[in-house]
Amino acid sequence: MTSWLLGTGILLIYVLGIVSAVMALMSSRTSQGAVAWIISLLTFPYVAVPAYWLFGRPRFYGYVTARGVRDNILRRMLVRYRANIDPYGVSAKSADIRAVEQLAMMPMTQGNQATLLVDGEETFESLFAGIKSAQRYILLQFFIVRDDRLGRRLMEHLHQAVRRGISIYFLYDEMGSRKLSDRYLNDLVQSGIEVSAFRSSRGVKHPFQLNFRNHRKVMVVDGQEGWLGGFNVGVEYLGEDPNRGPWRDTHLKLEGPSVLGLQEAFWEDWHWATGEVITLDWYPLKTFASNHHVVVVPSGPADRQDTASLLIQQVIQSAEERLWVTSPYFVPDQGVQDALRLAAMRGVDVRVMMPERPDHLLVFLSAFSFLPDMLRAGVKIYRYLPGFLHQKVMLVDTKAATVGTVNMDNRSFRLNFEITAFMPSASVANQVSLMLENDFARCRRISLDEIAQRPWWKKVVSRAAYLTAPIQ
């Protein structure tokens, strides 16, 4: 009897391995990923089958279904919302901008004010001022929230807003904020704030989607002011972690019709997390201080296409004179690597800025396996020296810039829900240029000789680390 059960179990494992291999063949987003999973599933099913179901799912299927339900429930509301935005839409003359609009499934709007927020104190003072100014509701979403001095400052501002009668919806990622205390969450709930984890594995139908994350950092006030960028809630983002030193990051404040794009992305996330349909204002407010053009680009594993990767490639290919990129985690897929090399080959000033101090060791090591090819093609690589670099910013010529939450790695491209503001505005590009020039002055440039002279064992370790890039 025991041998029969053992044999049946072994047979079941191998059957599951074959079934999973077929699923990987039909659904993996890259051929390299499909080959790797198929070989592993057929050769080592005991290990590979549970790993595939935990980390190999290519789409966030439950969210796709919820999005379809959303379309049925709020179709008329969103049609009205889009109709409200029409007067602020801009007819894109550039094919590059039209491509971004198609990826975003949102129009480019005019009448916006985009304000850069550099580093922690400036960013959180702006966020807290926004909370104080709220008249009706606040939508708040972070990947990481900590119960520390900064987290408690945020809580106190939210408590004050609730006492004024403001409705607050607070969304956090269950994995990113896994250390957040129950006491903190209970204090929010007891004060009257609506709180939910994103819960990528919500429901009995989707228990294995643990590898997906909601990496967005968004705040919306009354549908008229919005914030997005690199900052989470924790004292390390103020530079108070002695192990990381000063924290270099960038956030963005938006005012105007583009804020409704942030609001729509939050609404979808809240609907997935809770099943609730929240009533919001969908009337754009045009600003008169500036007339910045903005396209809000949400991206994630529920998209039909690899929106984040395609957006990055489109931005790279549109560059004619310069392309400056900053990312704390730089392990781009092959398409983005090729686009960067080709841009450098056609004479574009391609610069990539990344941290000198590693935050995730595998990511840090992986970069050494492909940086030589980048350097040979003319891409300039810089390491930021003063502390940890966490901003996610791109600058294209003198015509456009992006600020958002997307890192240059497979996780941001295919596993995380992210959001980016694409701004084809010369005045915004000038602000970003001045900011990045100051950052590059605090960097050291990497040479090909420096990487080539690394010991052979470090090269082997880097290649091995690079093999794990799809799930880093």
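Helices α10 and α11 are roughly parallel to each other (angles under 35 degrees count as such). The model is predicted; local features need pLDDT of at least 70, side-chain atom pairs count only at pLDDT 80 or more, and totals for chains, interfaces and linings use all residues. Residues are numbered from 1 along each chain as its sequence is written, and side-chain values use heavy atoms, with hydrogens and water left out.

**Confidence**

The protein averages a pLDDT of 86 (the predictor's confidence in each residue, from 0 to 100). At least 70 is the score of 83% of the residues. Over residues 203-207, pLDDT stays under 50. For that stretch the model has six contacts (heavy atoms within 4.5 Å) beyond four places in sequence.

**Helix pairs**

Helices here are DSSP runs of H or I with at least four residues, and strands are runs of E with at least two, both numbered from the N terminus. Axes are lines fitted to C-alpha atoms, for helices over the stretch in contact; angles run from 0 to 180 degrees between N-to-C directions.

| Pair | Angle | Axes |
|---|---|---|
| α6 and α7 | about 15 degrees | 9 Å apart |
| α7 and α8 | about 10 degrees | 10 Å apart |
| α10 and α11 | roughly 5 degrees | within 9 Å |

Start with α10 (residues 307-318) and α11 (residues 334-345). In α10, S309, I312, Q313, I316 and Q317 meet G335, V336, A339, L340 and A343 of α11. By class, this contact has six nonpolar, four polar and no charged residues. Nonpolar covers Ala, Val, Leu, Ile, Met, Phe, Trp, Tyr, Cys and Pro; charged covers Asp, Glu, Lys and Arg; the others, Gly among them, are polar.

Next come α6 and α7. They are roughly parallel to each other. On α6, the contact uses E121, F124, E125, F128, I131 and K132. On α7, L150, R153, L154, H157, L158 and A161 take part. The residues divide into seven nonpolar, one polar and four charged.

α7 (residues 149-163) also packs with α8 (residues 182-190). This crossing is left-handed. G151, R152, L154, M155, L158 and H159 of α7 touch R183, Y184, D187 and L188 of α8. Five of these residues are nonpolar, two polar and three charged.

**Aromatic pairs**

The whole structure holds 12 aromatic pairs (ring centres of Phe, Tyr or Trp, its six-membered ring, within 6.5 Å). In one of them, F124 and F231 have ring centres 5.8 Å apart and planes at 75 degrees, so the pair is edge-to-face (over 60 degrees; under 30 is stacked, the rest tilted). F124 lies in α6 (residues 120-133), and F231 in the loop between β7 (225-229) and β8 (247-248), so the pair ties together parts 107 residues apart in sequence.

Note on methods:
A crossing is left-handed if the near helix is turned anticlockwise from the far one by less than a right angle, and right-handed if clockwise. Angles under 35 degrees count as roughly parallel, over 145 as roughly antiparallel, 65 to 115 as roughly perpendicular and the rest as oblique.
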